[in-house]
Structures are given as C-alpha cells and as structure tokens.
Amino acid sequence: MSEATIGGIAGRMPKFIRRADPAVLTAFACIVLLLFVGSLYSRSFLSPEYLLQQLKVASFLGVIATGMMLVILLGQIDLSVPWSVAAGAMMACAAAAYGPVGVALAIPFGICCGVAIGVVNGIGVAYLRIPSMIITLATNAVAQGLMVVYTGGFSPQDSATRAMRYLATGFAIPGVPNAVVIWALIGAAMIFVLTRTGFGRTVYGIGNRERAAYLSGIDTRRVVLMAFAVSGGLSAFGGVLLAGYASKAAQSMGDAYLLPSIAAVVLGGTSILGGRGSYLGTVAGVILITLLQSILSVMQMPEAGRQIIYGVVIVAMLLLYGRAPASR
C-alpha cells in the first residue's frame with residue numbers, strides 16, 4: 001500500500017482518533033481484548049451487572065491513581081501510598097469513636113492525615129532535595145509504625161461511619177454506585193486542573209525540564225509540594241472509601257494498591273520520566289488493571305503471580321520510556 005493511500009485512509013479517520021495518543025488507544029484496545037478473553041471463561045463477564053461491579057471496584061483504584069499520576073507527571077514517584085491509604089482509613093474510623101462530632105469529622109480527618117503525609121513527602125522532595133523514592137519509602141515506614149503503635153499490633157476495632165459506607169456502597173443516582181460518581185467528579189476536576197489552569201501547565205513544564213521552569217520564574221518547589229499533598233490526600237480518601245466498602249479499616253488494606261496504581265498510570269501512556277500523559281489514559285489503565293485482576297481471579301492466579309505481572313508491566317514500560325531521548 002502506497003504512502004498516499006495510507007495518508008488518505010488516515011485523513012478519512014475521525015478527528016479524535018487522529019489526535020489520540022497511541023498509548024491510550026492501545027490501552028482501550030487491550031480492554032476490549034480482556035473483555036473478550038473474560039467472556040470465554042464466564043458468560044456473566046459481559047453482563048451489565050458484572051461490568052458495573054467492576055467499574056465500582058475500579059473507582060477505588062481510580063481515586064488513588066489520580067494522585068499518583070500527578071506525581072509521576074512531575075517525574076517523581078510516591079511509594080507511601082500503602083500506608084497513606086491505611087492511615088486515612090484507620091484514622092477516619094478512629095475519629096468516629098469520639099461521638100457525633102467525631103462522626104461528622106471522620107472523613108475530613110482521614111483525608112487530612114493523608115495530606116499531612118503528602119506534605120512531608122513534598123517538603124523532603126522540593127525543599128530538602130531528597131529523592132522521592134527515598135523520602136516516600138521513609139514516610140511510608142513511619143506511617144506504618146504509627147498505625148501499629150495506635151492499634152497495639154492488633155486489627156483495628158473501629159468501624160466505618162454510615163457516611164463512609166454510603167459514599168462507598170450507596171446509590172445517590174439510581175443504578176450508578178456513589179463510588180463511580182466520586183471517581184468521575186475527581187477525574188473531571190483533575191482534567192480541568194491539568195488542561196485549564198496554570199498549575200496544570202506548570203506540572204507538565206516541571207516534568208519536562210524542571211530547571212527551565214524554575215528559570216522562567218515558576219515556584220517549582222511549591223508546585224511539587226502541592227502535588228505530593230494532593231497525592232497523599234487522594235490516597236487517604238481512597239482508603240476512606242475502602243473502609244466504607246468493607247465497613248472497617250485494616251492494616252494491610254493499602255498494600256494491594258501501590259503497584260496497580262503505578263501500573264495503571266504508566267499503562268495509560270503517562271511517561272514515568274514525567275512531562276507527558278493524559279488523564280483519559282489513566283482511566284483506561286485503571287479499567288485495564290481492574291479487568292486483569294478480575295480475569296486472574298477467575299483463573300485462580302495466586303497473589304504472588306499478580307504482583308509479578310504488575311512488576312513486569314512496569315519494568316517493560318520503564319525500558320520503553322528509558323529509550324526515549326532525555327529531556328532533562
């Protein structure tokens with residue numbers, strides 16, 4: 001086929017397809033493939049009820065991955081997600097034990113605990129110039145220690161509030177789980193921030209070349225600090241929703257979300273080196289990871305095998321992006 005013919009075919013394609021990121025299109029193509037594979041294992045895999053349940057499960061990962069994407073766009077990484085999730089859930093449930101005022105403040109208090117972890121991460125990265133991998137691992141360990149001290153090493157006895165359970169499992173809109181609505185609202189807000197605000201443009205600028213952004217007069221340290229604070233807050237909010245879904249918090253509830261949140265962002269086409277990516281790609285990556293988890297569960301794949309698959313995906317994408325010319 002000649003180049004002219006190929007060009008003519010491409011010219012007749014819808015405009016949104018021509019302008020779409022190939023990585024995003026690939027992610028959605030993989031979603032279709034997984035749906036087909038899943039339907040071979042179970043006839044109910046394509047039923048509206050099952051797909052809506054999977055979208056509900058995906059919303060928890062989607063909230064957490066939103067914050068992770070913001071950090072990765074900066075060319076950084078947040079490895080404190082596991083215990084940011086657990087701390088947000090445990091502290092929200094703990095606040096509920098302090099009467100009506102505690103119940104009313106449970107959700108904001110849980111989110112604030114995650115924001116506090118993110119602020120510590122942001123100060124370490126932006127102002128102390130500590131590599132993000134090191135400082136976030138350290139804060140994750142500190143948060144784990146504090147939660148173990150709080151519980152005495154035993155499972156938390158506090159229960160989720162009615163509001164937490166309603167946010168995670170209720171239906172404000174008939175037929176649409178509240179968790180899905182919350183993810184949609186957070187996603188819409190993130191799209192607006194990244195595409196319509198100076199903060200979003202600055203995030204991309206720092207990810208492409210931080211020094212150039214700094215020399216242009218941007219307070220890069222403040223932007224990095226805010227990004228980590230948002231990441232911590234969204235991780236904690238994801239934990240609050242998970243606690244509402246399970247009716248209580250658990251110490252290890254965040255462990256299963258670190259690699260999937262990174263993999264979802266990277267699979268959606270966001271460069272692990274920063275400066276490139278779209279939230280639509282992250283949505284595709286979240287759905288892709290959720291469907292993959294579902295199929296692996298149907299196949300009775302052990303947890304160790306799932307972690308190996310996530311790790312292989314991340315390493316493969318790191319190698320792919322590592323071959324691109326460095327922009328910093």
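Which residues in H8 meet Asn178, Ala179 and Ile182 in H9? They are Tyr166, Leu167 and Ala168. Contact here means heavy atoms within 4.5 Å. Helices (H or I, at least four residues) are DSSP runs, numbered from the N terminus.

This is a predicted model, in which local features need pLDDT of at least 70, side-chain atom pairs count only at pLDDT 80 or more, and totals for chains, interfaces and linings use all residues. Residues are numbered from 1 along each chain as its sequence is written, and side-chain values use heavy atoms, with hydrogens and water left out.

## Helix packing

Start with H8 and H9. Helix H8 covers residues 162-169 and helix H9 residues 178-196. Their axes come within 5 Å and cross at roughly 80°. Axes are lines fitted to C-alpha atoms, for helices over the stretch in contact, and angles run from 0 to 180 degrees between N-to-C directions. H8 and H9 are therefore roughly perpendicular to each other. Angles under 35 degrees count as roughly parallel, over 145 as roughly antiparallel, 65 to 115 as roughly perpendicular and the rest as oblique. The contact of H8 with H9 has 5 nonpolar residues, 1 polar and no charged. In this scheme Ala, Val, Leu, Ile, Met, Phe, Trp, Tyr, Cys and Pro count as nonpolar, Asp, Glu, Lys and Arg as charged, and the others, Gly among them, as polar.

Next come H4 and H12. Helix H4 (residues 48-73) packs against helix H12 (residues 220-246) at an angle of about 160°, with the axes 6 Å apart. That makes H4 roughly antiparallel to H12. Their crossing is left-handed. A crossing is left-handed if the near helix is turned anticlockwise from the far one by less than a right angle, and right-handed if clockwise. On the H4 side, the contact residues include Gln53, Lys56, Phe60 and Val63. On the H12 side, they include Ala227, Phe228, Leu234 and Tyr245. By class, the contact of H4 with H12 has 14 nonpolar, 6 polar and 1 charged residues.

Then H5 and H7. Helix H5 (residues 81-95) and H7 pack at an angle of about 30°, with their axes 8 Å apart. H5 is thus roughly parallel to H7. This crossing, too, is left-handed. H5 contributes Val81, Pro82, Trp83, Ala87, Met90, Met91 and Ala94. H7 contributes Asn140, Ala143, Gln144, Met147, Tyr150 and Thr151. The contact of H5 with H7 holds 10 nonpolar residues, 3 polar and no charged.

## Aromatic pairs

The count comes to 2 aromatic pairs. Rings of Phe, Tyr and Trp (its six-membered ring) pair if their centres lie within 6.5 Å; planes under 30 degrees apart count as stacked, over 60 as edge-to-face and the rest as tilted.

| Pair | Centre distance | Plane angle | Class |
|---|---|---|---|
| Phe45 and Tyr50 | 5.2 Å | 45° | tilted |
| Phe60 and Tyr245 | 5.2 Å | 55° | tilted |

Phe60 is buried at 2% relative accessibility. Tyr245 is partly exposed, with a relative accessible area of 37%. Buried means under 20% relative accessible area, exposed over 50%, partly exposed in between (1.4 Å probe, protein chains only). In the other pair, Phe45 is buried at 2%, and Tyr50 is partly exposed at 22%.

## Positive phi in loops

Arg129 is not a glycine, yet has a positive phi of about 60°. Arg129 sits in the loop between helix H6 (99-127) and helix H7 (132-151). Its relative accessible area is 53%, so Arg129 is exposed.

Ser247 is not a glycine either, and has a positive phi of about 75°. Ser247 lies in the loop between H12 and helix H13 (258-267). At 32% relative accessible area, Ser247 is partly exposed.

Ser132 is in helix H7 and is buried at 7% relative accessibility. Leaving aside neighbours within four places in sequence, Ser132 contacts Gln76, Ile77, Val125 and Phe228. Ser132 and Asn121 are 11 residues apart in sequence and 7.4 Å apart in space, C-alpha to C-alpha.

Thr282 is in helix H14 (residues 279-298). Thr282 is buried, with 1% relative accessibility. Not counting residues up to four places away in sequence, Thr282 touches Ala65, Met69, Ala264, Val265, Gly268 and Thr270.

Conventions
Helix = DSSP H or I, 4+ residues; strand = E, 2+ residues; numbered from the N terminus.
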